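User: Walk me through how to read a model like this one. Take one feature at a time, and give me the cut-offs.

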Amino acid sequence: MSAGGPHPPTVLGSSAHGGLAVAGHGEGGHHPRQQHHFYTMGQQLEASILGMWVFLVTEVMFFGGMFMAYIVYRTWYPTAWAASSNQLNVIMGAINTGVLICSSLTMVLAVRSAQVGSRAGQIVNLILTMMFGSTFLVVKYFEYAEKFHHGLVPGPNFNPHHVLPDGTIEHIALPLGSQLYFSLYFMMTGIHALHMIIGIGIMLVMLRWAIKGRFTPDYYNPLEVSGLYWHFVDIVWIFLFPLLYLLGYNYRG
Amino acid sequence: MSTGHAPITPVRTYVAVFGGLAILTTLTVFVAHQEFGALNTPIALTIAVCKATLVVWFFMGLRYNTPLTKVTAASGFIWLMIMFGIGLSDYLTRSWIHVPGR
Amino acid sequence: MTPERHSYLDAPYGLKAWLLTKDHKRIAMLYLISITIFFALGGFFAAGIRLELLTPKGDLLTPDLYNKFFSMHGVIMVFFFLVPSIPATLGNFLMPIMVGAKDLAFPRINLISWYLYVIGGLIALTVLAMGGIDTGWTFYTPYSTIGSSTNVSLAIIGVFVAGFSSILTGFNFIVTVHRMRAPGMTWFRLPLFVWANYATSLVMILGTPVVAITLCMVAAERTLHLGIFDPKLGGDPVLFQHLFWFYSHPAVYIMILPGMGVMSELVAAMSRKQIFGYSFVAASSLAIAILGFLVWGHHLFVSSQSIYAGMVFSIITMLVAVPSAVKTFNWAATMYKGSVSWESPTYWVVGFMGLFLVGGLTGLFLASMGLDIHLHDTYFVVAHFHYIMVGGAIMAYMGGLHFWWPKMTGKLYNESLAKVSAILVFVGFNLTFGPQFIVGYLGMPRRYHTYPDEFQVWNVASTLGASILGMGYMLAFTYLVYSIFKGEAAPANPWGAKGLEWTTTSPPPTFNFDVDPVVDEPAYNYNPTGKGVHVG
């Protein structure tokens, strides 16, 4: 178990370490960002990365519950699923997918900028990441507005319809199970959007720290770990897009 | 003093991964328009898994992380499969038994 | 004297220093206080239930109020007491010390987890003030989504927040055990308490999010009309049960595994002997955690779940009893020919073993699908899980609290009173829940406030038992609190036990060890081969 075992004993073997237990910052080679309870920066970084991955596992299970409901009802109501999927705007969905992929690229470039010591790179890429994220949310807003417009929100006002150019209302007949589809659509994309909003908030904090020059090639843990979160939110969308938007093409109404 | 950070990946690698993701996205939209019957869903999911793998391996840097971190990442996926698999074992086998009147 | 040599209780001083602390030991004590409050509240509701059930008629509480009493009892005891209990108090206090670290991996997140617990608790209290909920702690649909007019959504928020607190604790423990062990502290030298809490943390991480999203779906159905479980829209109420029990069954392992960890520590210390079959006990913690995720359908035997799925769940449920049995045998084998001292922790240990045994064996009755058809929703089930949760988990919690009390507070409690309390709890407990097996087998359903006259004698016995049980707990609370103010100062190692926590002072200094430990002996090294733990 040595690969995943305790930090290298060589650091502890030194007699200076006994003093480090009560020493303040900067003594005995302490990095200013090293927290008291860690022996080395390497240990601190490994703990942070492992910690964020453990947290992402909880997020996988969190979204997973909704995917479970999706799978069950899709097996029960395949036609409702396809017919409802047809109501979604694939172009907006595809744009959003593209936007998120771009944001993942800029995110990883922001982290790389810290790795190579480029403060400008960090700032530019973080701003771009947030812009892509915000674009996603704006597109989402328009998508949701369209759903409201067409009466596709589940509940007492569920009334799928088109409004034709001459003003008449054309009802769309959706089979039983469609309200379940839209309930899951709103919950899944809604909670995803919430995670996006939180992500943008986190990036604002990262941007502030980047501007202050807090990230250097030997310490950019918060940026790296926030990046992991951001990529995870992208991955959720990678699955949501085909599962929600791309079902209806082969549906024979 | 080693801080344990991963080696620096060239920008072109990241751009190549981005390109791969863009291509796969286009592919999945294209395939959805084709008629593969029951295969449409598995194909779409396979493409999604490929995209996710690219993000995890390159963008999230899992390739440079410790085996423990890799196991952690995998365990989330595995647990999801446990929930789906055993949960579906109920829904897919309910019709196997014939109850009079149903 | 450098500041670090003061005990963690003394320095730094002041309310703000406590409320903004990053010290895992202080956070453990903050949790101890808040958890005790919720235990008392849950106990109050239990008292209400038992008083109502003294007579066959519903003459104390209205039916609606009775529904609220058992619902609040369940929600508070499960989410606000049992799930956090050992991990957040004893676990927070001991885990870093036992692995030889100065703190958990993420001290600030540890503090946040306590604040989340408190916020969740305050929300639960608000729900209480607004009339409580009546859905049972299980929130089954469609009653929780469509039928109930109580504050279900707010209760869900409270449980969600408390669940997030639990996730943060688990995530902290996992990273700590993997990355913060002292030099020489290999996995197989770790105390079994660490293994148990590690396994518990895996369950917290993998299970809690699912109940979180499931309850979100219920709240969404209530507030936003997103009818995911609504039969009129084609939804399946049983899907809720699947998703709910996917967490809630592993949750019972969250509640018992840490207690088993405490048991291993106490059995070894009180027997002055290496735990028999250490690696089997360690492995069985992991086995329970993993297998525990595969059995949730045994709560759905009488729903419309497929019988074929039920068969699979039934068999795996019987399998999950095996690692628990392994542990019980190994504890017994440890005590056999050990040098057992009958101090107060031993009383709790022996009580646990007997009661957990009964609870575990009766679980096998329920694992059998055919028998469960008759026993489901009767008092047999209630008795079964209380034998595990109260007879097992709470006795282990009390035992652990007593064993480590001198370490955590630096004070000794009154030994004789402690023994009396353990006996009162044991006798009271059996009198409360033993009759419930009988009356459940005879057909008395749970969650009803009236029952046929012929069951009264058993119910009266049960209520009498509950009074004795309550007295036992109140006695313990009294002498433990008293000891904080008037107790004798405790030495570093009052029990003569092995383990890193006993090598430091009682109470420990803020950074746990004056000099960082290096470990070169196995755990529970009661028959030493000459080496010891040398500190520094």
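User: What share of the contacts in chain A with a separation of 6 or more comes from residues 24 or more positions apart?

Analyst: Start with the term: two residues are in contact if their C-beta atoms, placed from the backbone, lie within 7 Å. In chain A, residues 24 or more positions apart account for 74% of the contacts with a separation of 6 or more. Note that this is a predicted model, where local features need pLDDT of at least 70 and side-chain atom pairs count only at pLDDT 80 or more, while totals for chains, interfaces and linings use all residues. Residues are numbered from 1 along each chain as its sequence is written, and chains are lettered from A, ligands numbered from 1, in the order in which they are written.

User: Which elements make up chain A, and in what order?

Analyst: Elements are DSSP runs numbered from the N terminus: helices are H or I with at least four residues, strands are E with at least two. Chain A has eight helices and two strands. From the N terminus, the order is α-α-α-α-α-α-β-β-α-α.

User: How many of the residues of chain A count as buried?

Analyst: Buried means that 20 or more other C-beta atoms lie within 10 Å of a residue's own, with C-beta atoms placed from the backbone; 12 or fewer is exposed, and in between is partly exposed. Of the 253 residues of chain A, 48% are buried. For chain B, the share is 31% of 102 residues.

User: Is chain B compact or spread out?

Analyst: Compare the radius of gyration, taken over C-alpha atoms, with the globule rule: 2.2 Å times the number of residues to the power 0.38. Chain B has three helices and zero strands, in the order α-α-α. Its radius of gyration is 20 Å, well over the 13 Å from the rule for 102 residues, so chain B is more spread out than a compact globule. The C-alpha trace of chain B spans about 75 × 35 × 10 Å along its principal axes.

User: How many residues does each chain bring to the contact between B and A?

Analyst: Chain B brings 43 residues and chain A 43. On the chain B side, helices H1 (11-33), H2 (40-59) and H3 (67-93) each supply at least two residues. H3(B) gives the largest share, 15 residues.
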